[in-house]
Amino acid sequence: MPTELIVTPGEAPKRLDLFLANRDPTLSRSALQRLIEQGRITINGAPVKPSYKIRPGDQIAMDVPRPEPLDLRPEPIPLEVLYEDAAVLVLNKPAGLVVHPAPGHWSGTLVNALLHHFRDTGALSSIGGKERPGLVHRLDKETSGVMVIAKTDQAHRALAAQFKQHTIGRAYEALTWGVPKKPEGRIDLAIGRDTKERKKFSARTAKPKASATAYLVKERFGKLAAHLLLLPLTGRTHQIRVHLTALGHPLLGDSTYGGRKVKELDGLAIPRVMLHARTLGFQHPGTGRPLEFTVAPPSDFQAIIEALRAATAPA
């Protein structure tokens, strides 16, 4: 049965696909555009184009087909394994790799790679369900760095408890647009899902959750950019991205939060969000032994650092 909604008075004119994407984060804008073009989303009973500008009083009907059962297949995607035993696997996730299947990314994910890695043993925890086997935490698609995977349900529960209690040791490296005024500091800002743009997180939220991030400026590139070490003291979704934006220094490459200006800097194109999960430390879920893994940023991150140094070097 179609879902129906009415555009409320005072709603600013905007494209239909953008309006719906902000209301429902489970549907990507491209998925919504396909549904509109297929005639599954109508305005006042008539088909329209994705670019249609909504108006107060418009009646929107959405006939979204039920998702087909997900058939996850193992895929021979290379994994950089840092450590593995009977309980956990620690890996270095490359930038560009989506962690788990979602609309627009039903294959080619880290989960597909894990299913191939464990194709003979099936050794992945089941707590995350069929779509997220073994996943205790995640990194955004464009973020590189260290992740831990649970191979047993017991390991999953123990690691999840550590994440919930904020006893996991984590450090990130980032490149920011502009340079923070203070060489080090702490950002305390409660955040949650944005009330207007549902795919973003911010302080403009109905359900704020306390969050804190400590930072240290490792290197300045004139006034253009900075290389930061970040210690997230809580683990909210998009926390570092939101906190740095609130500080006035969004991540280079992060157009979601920083706009167009962070995609190119002084003629230098930024290929992705410049964020790297450098260090992950936790207690082994079986033995209780402390483990810590550190990986340097990948070559594309290092290349931007070198280009920024060259661009700001004294003449």
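Predicted model: local features only at pLDDT ≥ 70, side-chain atom pairs only at ≥ 80, totals over all residues.
How far apart should the ends of helix H7 be, given its 14 residues and 1.5 Å a residue?

**View 1. Helix H7 passes a simple length check.**
Helix H7 runs over residues 299-312. At 1.5 Å a residue, its 14 residues should span 20 Å, and the C-alpha atoms at its ends are 20 Å apart, so expectation and model agree.

**View 2. Helix H7 has a buried side and a face turned away from that side.**
Start with the buried residues of H7, which are Phe 301, Ile 304, Ile 305 and Leu 308. They cover an arc of only 100° around the axis, and therefore they sit on the same side of H7. Now look at the face turned away from this buried side: here you will find the exposed residues Ser 299 and Ala 310.

**View 3. Four strands form an open sheet.**
Follow the strands across the sheet and you will meet them in the order E1-E4-E2-E3, with antiparallel pairing. Which strands are at the edges? They are E1 and E3 (46-47), each of which pairs on one side only. As a reminder, strands of a sheet pair through backbone hydrogen bonds, either parallel or antiparallel.

**View 4. Strand E4 pairs with both E1 and E2.**
Strand E1 (residues 3-6) joins strand E4 (residues 59-62) over 4 bridges, in the antiparallel sense. Look for Leu 5, which stands opposite Ile 60 in E4. Strand E2 (residues 41-43) is also antiparallel to E4, and this pairing has 3 bridges. Here Thr 42 stands opposite Ala 61, while Ile 43 stands opposite Ile 60.

**View 5. The model holds 1 cavity of 30 Å³ or more.**
How is such a space found? Rolling a probe the size of a water molecule over the atoms shows where empty space is left. The largest cavity has about 40 Å³ of space. Around it you can pick out His 137, Leu 139, Val 146, Arg 170, Tyr 172, Ala 277, Thr 279 and Leu 280. Strands E8 (169-177) and E16 (275-283) are the elements that each give two or more residues to this lining. E16 gives the most, with 3 residues. Sorted by class, the lining has 5 nonpolar, 2 polar and 1 charged residues.

**View 6. Leu 91 belongs to strand E6.**
Strand E6 covers residues 88-93. Is Leu 91 buried or exposed? Its relative accessibility is 1%, so Leu 91 counts as buried, the cut-off being under 20%. To end, find Tyr 257, which is 166 residues from Leu 91 along the chain. The C-alpha atoms of Leu 91 and Tyr 257 are separated by 28 Å.

Note on methods
Residues numbered from 1 in each chain as written. Heavy atoms only, no water. 1 Å grid on protein atoms, 1.4 Å probe; cavity = no way out; pocket = protein on both sides within 12 Å on 5 of 7 lines; lining within 4 Å. Points joined across faces, edges and corners; volume = space filled by probe spheres on them. Nonpolar A, V, L, I, M, F, W, Y, C, P; charged D, E, K, R; others polar. Pairing = 2+ DSSP bridges. Expected span 1.5 Å × (residues − 1). Buried < 20%, exposed > 50% of the residue type's maximum accessible area, 1.4 Å probe, protein only. Arc of directions from axis to C-beta.
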